[in-house]
Amino acid sequence: MGNLLEHIGIEKDRLHFSWISSAEATKFVKVAKEVTESVKALGPNNRLVKKLG
Amino acid sequence: MDSLTDKIRTLCTGLLKDGKVDMIVGFKKGTIPMSSCPCVARTPEQAKELIWDSNCTLNLANYLTNRKEKIGVVAKGCDSRNIVNHIIENKVTRENLYIIGVPCDGMVDKRKIRALFNDDITLFSEENNKLFVETASEKKELDKQDFLKNNCTTCIHRNPVIYDELAADPVEEQKIENRFADVIKIENMSSDDKWNYFNDLIKDCIRCYACRNACPLCYCPTCFVDESNPQWVGKGQDINDVRTFHLLRAYHCAGRCTDCGACEEACPMDIHVRAFTRKLVKDSCEIFDWEPGLDPNKRPALDTFNPDDPDGFIK
Ligand code: SF4
Ligand code: SF4
């Protein structure tokens with residue numbers, strides 16, 4: 001899934017996959033932080049966004 | 001090629017006469033030169049119309065979906081692989097099929113040939129890897145090898161992988177150095193260039209869905225693009241909707257696409273839609289060591305779990 005999106009030009013760091021159990025609170029925080037940081041670093045996304053009107 | 005046509009006609013006439021099959025799915029001559037048309041023959045008389053030449057580009061597995069009759073089907077390498085897919089996916093049973101395998105030395109790309117002439121082609125014939133093409137004002141002799149369809153140039157399964165009878169001796173398989181050079185070229189682009197490449201690729205798409213209809217893999221009773229409740233994707237020409245269609249069409253073919261090229265053949269706008277599926281063909285090959293449609297007894301890559309499956313992408 002990630003590979004083809006990356007292939008058509010969606011930056012790799014925009015899409016993350018993780019497996020977190022409901023008991024893994026610390027892991028959840030860690031992954032959420034990482035995701036936010038890497039996406040923030042890329043700036044706002046304009047791709048695959050449909051503008052209405 | 002004529003000998004193949006003769007052989008196919010004889011075999012099919014025999015099958016129909018002996019009542020071994022209810023119908024034959026094959027090709028007949030198209031209505032314009034340099035074309036073919038899928039056809040169904042139910043009587044020995046109709047079987048006389050069957051042909052085989054370098055224009056039999058569509059994928060006949062597409063016409064077997066959910067059929068319950070006994071069917072004789074003419075199949076080149078890629079068709080045979082899609083028949084295997086169909087058997088695996090319970091779209092047809094092996095017992096109901098009589099497969100007439102045709103070893104294939106590639107189909108020709110009509111677009112490349114048409115581009116050589118200023119007017120319409122009036123005559124097309126071939127012999128020993130030479131193509132003879134005529135228009136009202138010109139006449140050319142071409143090497144078939146130089147005008148193969150793009151997917152045929154990277155094909156490594158020219159011989160049918162499953163058949164009851166072969167219409168000719170097997171052909172030599174191609175040895176290809178770098179089968180995915182085209183995909184790697186895109187992989188090496190920057191995200192921006194990739195984005196622009198695919199934008200440009202689909203800009204002429206009119207969403208006629210001919211690519212989907214020609215593909216034997218696309219057999220859902222209601223395709224996600226036609227669904228209106230819920231509506232998964234907008235129906236208009238918004239580039240993002242067009243892209244969503246292409247992306248999802250490709251994903252649905254992941255681990256199943258045989259790179260037969262029927263989708264591109266059917267496209268009226270000459271869109272290289274295989275640019276999407278080729279990436280998935282390469283990935284299934286590299287990540288799962290999986291090439292679809294080779295063995296009816298093996299479950300497809302995306303249908304099985306193996307503790308060794310690569311999971312580096314999951315954090
Ligand atoms: S996606 Fe295209 S190349 Fe792949 S199996 Fe379907 S028609 Fe053939
Ligand atoms: S056949 Fe061509 S124009 Fe029609 S939907 Fe497919 S890519 Fe678009």
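**Figure 1. The interface between the two domains of chain B.** The area buried between domain 1 of chain B and domain 2 of chain B is about 2500 Å², with carbon and sulfur atoms giving 49% of it; buried area is the accessible area (1.4 Å probe) that two parts lose on being put together, summed over both. B:Arg81, B:Ile88 and B:Arg111 supply 25% of the area that domain 1 of chain B buries against domain 2 of chain B, more than any other three residues. This is a predicted model, in which local features need pLDDT of at least 70 and side-chain atom pairs count only at pLDDT 80 or more, whereas totals for chains, interfaces and linings use all residues. Residues are numbered from 1 along each chain as its sequence is written, chains are lettered from A and ligands numbered from 1 in the order in which they are written, and side-chain values use heavy atoms, without hydrogens and water.

Figure 2. The domain assignment, automatic or from a database, gives domain 1 (1–175) and domain 2 (177–315) in chain B. In contact (heavy atoms within 4.5 Å) are 27 residues of domain 1 of chain B and 29 residues of domain 2 of chain B. Four salt bridges cross this interface, a salt bridge being a side-chain nitrogen of Lys or Arg within 4 Å of a carboxyl oxygen of Asp or Glu. B:Lys110 forms a salt bridge with B:Glu265, their closest N and O atoms lying 2.7 Å apart.

**Figure 3. The interface of chain A and chain B.** Here 21 residues of chain A are in contact with 26 residues of chain B. The two chains bury about 2000 Å² between them, and carbon and sulfur atoms give 61% of this area. In chain A, A:Leu4, A:His7 and A:Ile8 lose the most area to chain B, together 36% of what that side buries. The interface holds one salt bridge. B:Asp192 forms a salt bridge with A:Arg47, with 2.5 Å between the closest N and O atoms.
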